[in-house]
Amino acid sequence: MKFLPTSFRLPRKLLIIAAGVMVLTGASGAAAIFVGRDVLLGPSSEKVSGAACTTVTTVRLEQDGQHWLRRYVRSDAKDGEVRIKTALRIAGAVSNAEEADLYQVILIDAAGPEYRADMRGRAIGAEVLFARDPAAVPGMSAPFVARYTDGSPAANGEFYGERKELSLDEIKAIVTSMKDREDCIDPNATETAKSGHGEAKEEGGHAAEGEHAAAEPSHEVAASGH
């Protein structure tokens, strides 16, 4: 068997053809390093629609003849923009599944508080309010209110970054670009199906600890617990 001499060089044209074949047949990973994965493959699902989350509890309130629904969810999302996209996604999913005059989604960190009474203030990483008829809801001047705390949470799940509120144009751009519109995982769903009365258990499980957290809903629309 004869070996090629050390001075052997492939023609430049052949090198260009070979490089083109590599790009077409499996060099996307290497190319992503130089060009950027978002450019080649598009942004990740998390950057568009938010992160995975778990339902903590759902609270239903009657306020002056109106039906208000508040959903508490937990997520491990460390980026503030991902958290607010998650909350917007869940607000859409809940409003499509249930009828209410006002929907409120409160997102806390995976390491956040266990009891609903403590899920306020710095424990809130993102929050969304939605009303189809905002003029009918005290404190609401637009269909959406969406705000979040920038930065990663502390070890105890509290947020100390800058508080940001999205404009209606920003909210519209996020919602219309969403591909994934799934709700959070509900760990009580299986238990509810088996027992036939899981929802009552879900809403009443921490009533003693957290009932006063929902005692002044009109103030929460305006100030939302902050």
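Let me start with aspartate 183, which is partly exposed at a relative accessible area of 33%, where buried means under 20% relative accessible area, exposed means over 50%, and partly exposed lies in between, with a 1.4 Å probe and protein chains only. Arginine 71, by contrast, is buried, its relative accessible area being 8%.

Before I go on, please keep in mind that this is a predicted model, in which local features need pLDDT of at least 70 and side-chain atom pairs count only at pLDDT 80 or more, while totals for chains, interfaces and linings use all residues. Residues are numbered from 1 along each chain as its sequence is written, and side-chain values use heavy atoms, with hydrogens and water left out.

What do the side chains of aspartate 183 and arginine 71 form where they meet? They form a salt bridge, with 3.3 Å from N to O, the term standing for a side-chain nitrogen of Lys or Arg within 4 Å of a carboxyl oxygen of Asp or Glu. Aspartate 183 lies in the loop between helix H6 (168–177) and helix H7 (189–195), whereas arginine 71 belongs to strand S2 (residues 66–75), so this pair ties together parts that are 112 residues apart in sequence. The helices (H or I, at least four residues) and strands (E, at least two) that I mention are DSSP runs, numbered from the N terminus.

The structure holds seven salt bridges, and I would like to take you through some others. Glutamate 165 and arginine 147 form one, their closest N and O atoms being 3.8 Å apart. With glutamate 165 in strand S6 (residues 163–165) and arginine 147 in strand S5 (residues 144–149), the pair ties together parts that are 18 residues apart in sequence. Glutamate 165 is exposed, at a relative accessible area of 52%, while arginine 147 is buried, at 15%.

Lysine 164 forms a salt bridge with aspartate 150, and here the closest N and O atoms are 3.3 Å apart. Lysine 164 sits in strand S6 and aspartate 150 in the loop between S5 and S6, so parts that are 14 residues apart in sequence are tied together by the pair. Lysine 164 is partly exposed, with a relative accessible area of 29%, and aspartate 150 is partly exposed as well, with a relative accessible area of 29%. Elsewhere, salt bridges that share partners join Asp76, Lys78 and Asp109 into one network.

The loop between S5 and S6 also holds glycine 151, which counts as partly exposed at 29% relative accessibility. Its C-alpha atom is separated by 6.1 Å from that of aspartate 79, although the two residues are 72 residues apart along the chain. Leaving aside residues up to four places away in sequence, glycine 151 touches Lys78, Arg83 and Phe159, a contact meaning heavy atoms within 4.5 Å.

Turning to the aromatic residues, rings of Phe, Tyr and Trp (its six-membered ring) pair if their centres lie within 6.5 Å, and planes under 30 degrees apart count as stacked, over 60 as edge-to-face and the rest as tilted. By this rule the count comes to two aromatic pairs. Tyrosine 103 and phenylalanine 130 make a stacked pair, at 5.9 Å centre to centre and with 25 degrees between the planes. Because tyrosine 103 lies in strand S3 (residues 102–109) and phenylalanine 130 in strand S4 (residues 124–130), the pair ties together parts that are 27 residues apart in sequence. Both tyrosine 103 and phenylalanine 130 are buried, and together with Phe144 they form one aromatic cluster.

As for the overall fold, the secondary structure comes to 10 helices and six strands. Strand S1 (residues 54–63) and S2 run antiparallel and are joined by nine bridges, where two strands pair if DSSP finds at least two bridges between them. Threonine 55, for example, has valine 73 in S2 as its bridge partner. S1 and S2 form a hairpin with two residues between them, and in the turn aspartate 64 has a positive phi of about 55 degrees. Of the 226 residues in the protein, 38% are buried.

I will end with confidence, for which pLDDT, from 0 to 100, is the predictor's value for each residue. The mean pLDDT of the protein is 78, and 65% of its residues reach 70 or more. Over residues 21–41 the pLDDT is below 50, and this stretch has 11 contacts in the model beyond near neighbours in sequence. Over residues 222–226 the pLDDT likewise stays under 50, with 15 contacts in the model beyond four places in sequence.
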